[in-house]
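Please consult the sequence and the structure together while reading.

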Amino acid sequence: VIQALNALKLKELKSKVVVDVFSMSEKEKAISIRTVFEDPEKTLSSETIKDFESKVVQALEKAGFPLRS
């Protein structure tokens, strides 16, 4: 998961942490992650943050970690 997030190469993605891992079944696990976006030169708009969140979800899905709703 962390490798997939590192591959994004978003300079504003300052922190990425796996917070918890949940066993769903013998073969499946769910994880909770925390990401922090920051730009020291300006305040990030809500649209920018939503775009970053979308990129995170897409990168994780592409790496085989689908979003569970």
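## Terms and basis of the model

Contact means that heavy atoms lie within 4.5 Å. Helices (H or I, at least four residues) and strands (E, at least two) are DSSP runs, numbered from the N terminus. A residue is called buried under 20% relative accessible area, exposed over 50%, and partly exposed in between (1.4 Å probe, protein chains only).

The model is predicted: local features need pLDDT of at least 70, side-chain atom pairs count only at pLDDT 80 or more, and totals for chains, interfaces and linings use all residues. Residues are numbered from 1 along each chain as its sequence is written, and side-chain values use heavy atoms, with hydrogens and water left out.

## Helix H2

What covers the buried residues of H2 includes helix H1 (2–6) and S2. The buried residues in H2 are Phe52, Val56, Ala59 and Leu60. Seen down the axis of H2, they fall within an arc of 95°, so they line one face of the helix; the arc is that of the directions from the helix axis to the C-beta atoms. The face turned away from this buried side carries the exposed residues Glu47, Lys50, Gln58 and Lys62.

How far apart are the end C-alpha atoms of H2? They are 24 Å apart, which agrees with the span of 24 Å that its 17 residues should have at 1.5 Å a residue. The expected span of a helix is 1.5 Å times one less than its number of residues. Just after H2, Gly64 takes a positive phi of about 95°.

## The salt bridge

Side chains of opposite charge can pair when their charged atoms come close. A salt bridge is a side-chain nitrogen of Lys or Arg within 4 Å of a carboxyl oxygen of Asp or Glu. By this rule the count comes to one salt bridge.

The side chains of Lys55 and Asp51 form a salt bridge, at 3.5 Å from N to O. Lys55 and Asp51 are four residues apart in helix H2, and are therefore separated by about one helical turn. Lys55 is partly exposed, with a relative accessible area of 32%; Asp51 is also partly exposed, with a value of 37%.

For charge, Lys and Arg count as positive and Asp and Glu as negative, while His and the chain ends are not counted. Asp39 is found in the loop between strand S2 (29–37) and helix H2 (46–62). Asp39 is buried yet has no salt bridge, and the nearest side chain of opposite charge, Lys42, is 4.3 Å away. The side chain of Asp39 reaches the backbone nitrogen of Glu41 at 2.9 Å.

Glu12 lies in the loop between H1 and strand S1 (13–23). Glu12 is likewise buried without a salt bridge, its nearest side chain of opposite charge being Lys11, 4.3 Å away. Not counting residues up to four places away in sequence, Glu12 touches Val36, Phe37, Glu38, Asp39, Leu44 and Phe52. With those sequence neighbours again left out, Asp39 touches Glu12 and Leu44.

Lys29 lies in strand S2. Lys29 is exposed, with a relative accessible area of 64%. Leaving aside its neighbours within four places in sequence, Lys29 is in contact with Val21, Phe22 and Met24.

Lys9 is placed in the loop between H1 and S1 and is exposed, with a relative accessible area of 70%. Most residues other than glycine have a negative phi. Lys9 has a positive phi of about 55° although it is not a glycine.

Notes:
Polar contact = N/O pair within 3.5 Å; in protein donor to acceptor, adjacent residues only side chain to side chain.
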